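Me: I'd like a close look at one part of this protein. Could you walk me through it once the structure is up?

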Amino acid sequence: MRHTTTAIALAALSLALGGCAALGLDDSTTGSSAAEQAGEPFMMVEEGEATPSQTPSRGRAPSPTPEATAALPSPDPSCTKIWPRTEKVMIPVEVTPGAGSLKVEWPTQYDSDYRVTAVPQALVSGRQPEPTWQRVAAGTGCSVTATITGLESGAAYIVWLDAPNSGHERDGTRHLYSGRSGIVYPL
């Protein structure tokens with residue numbers, strides 16, 4: 001038993017010190033590594049030109065909506081407005097800039113109440129300020145509208161929408177419950 005323990009200890013020691021080479025599982029038989037055998041250097045560097053940095057757009061109008069992937073039907077069949085969707089899981093949001101304000105419109109989401117906020121996009125060092133949510137009652141028409149006021153003219157914002165009580169489908173999946181705009185600038 002003592003010899004078996006010694007043999008196991010020596011085998012473990014040789015593997016620890018020599019790695020796979022102790023078992024003959026490396027490329028030491030050829031004397032070269034895989035990279036050298038392939039004839040390629042370990043790291044490839046290509047010289048080129050630096051990519052110019054983009055300057056941020058400071059336009060006053062909202063940026064155009066990206067190509068719509070589908071249309072979101074309204075829960076109310078009498079509604080005729082088709083809301084373009086850019087993401088399958090987001091409520092479409094239309095934002096119209098005003099003087100220090102943003103008018104936000106979205107399709108009614110079943111009988112849900114809403115929260116909407118404009119999040120400033122200026123870089124802030126350290127802890128980020130909490131957004132100020134504006135509560136909006138459930139709408140009775142085809143769409144719901146809210147106006148966010150007290151915003152800095154010309155500053156960049158993204159509008160976020162939350163519809164926490166939009167309900168579920170028969171299979172248990174939730175109806176759409178969040179939405180957001182692109183970057184918008186109040187006038």
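What joins the side chains of E94 and K81?

Reply: A polar contact of 3.1 Å joins them. Keep in mind that this is a predicted model.

Let's start with E94 itself. You'll find E94 in strand β3, which covers residues 94-98.

Now for the neighbours. Leaving out residues up to four places away in sequence, E94 touches K81, W83, K103, V104 and E105. So K81 is on that contact list as well as being the polar partner, given that contact means heavy atoms within 4.5 Å. As for P84, E94 is 10 residues from it in sequence, and the C-alpha to C-alpha distance is 9.7 Å.

V104 gives us a way onward from here. Besides being touched by E94, V104 is among the residues that V116 touches, again setting aside those up to four places away in sequence. Others on the V116 list include T132, W133, A146, I148 and V159.

V116 takes us to the largest nonpolar core, which has 21 residues. Together with L102, W106 and V159, V116 touches the most other members. Strands β4 (101-107), β5 (114-120), β7 (143-148) and β8 (157-162) each supply at least two residues of this core.

Definitions and conventions: Residues are numbered from 1 along each chain as its sequence is written. This is a predicted model: local features need pLDDT of at least 70, side-chain atom pairs count only at pLDDT 80 or more; totals for chains, interfaces and linings use all residues. Side-chain values use heavy atoms; hydrogens and water are left out. A nonpolar core is a set of buried Ala, Val, Leu, Ile, Met, Phe, Trp, Tyr and Cys residues joined through side-chain atoms within 4.5 Å. Buried means under 20% relative accessible area, exposed over 50%, partly exposed in between (1.4 Å probe, protein chains only). Helices (H or I, at least four residues) and strands (E, at least two) are DSSP runs, numbered from the N terminus. A polar contact is a pair of N or O atoms within 3.5 Å; within protein, one must be able to donate a hydrogen and the other to accept it, and residues adjacent in sequence count only if both atoms are side-chain atoms.
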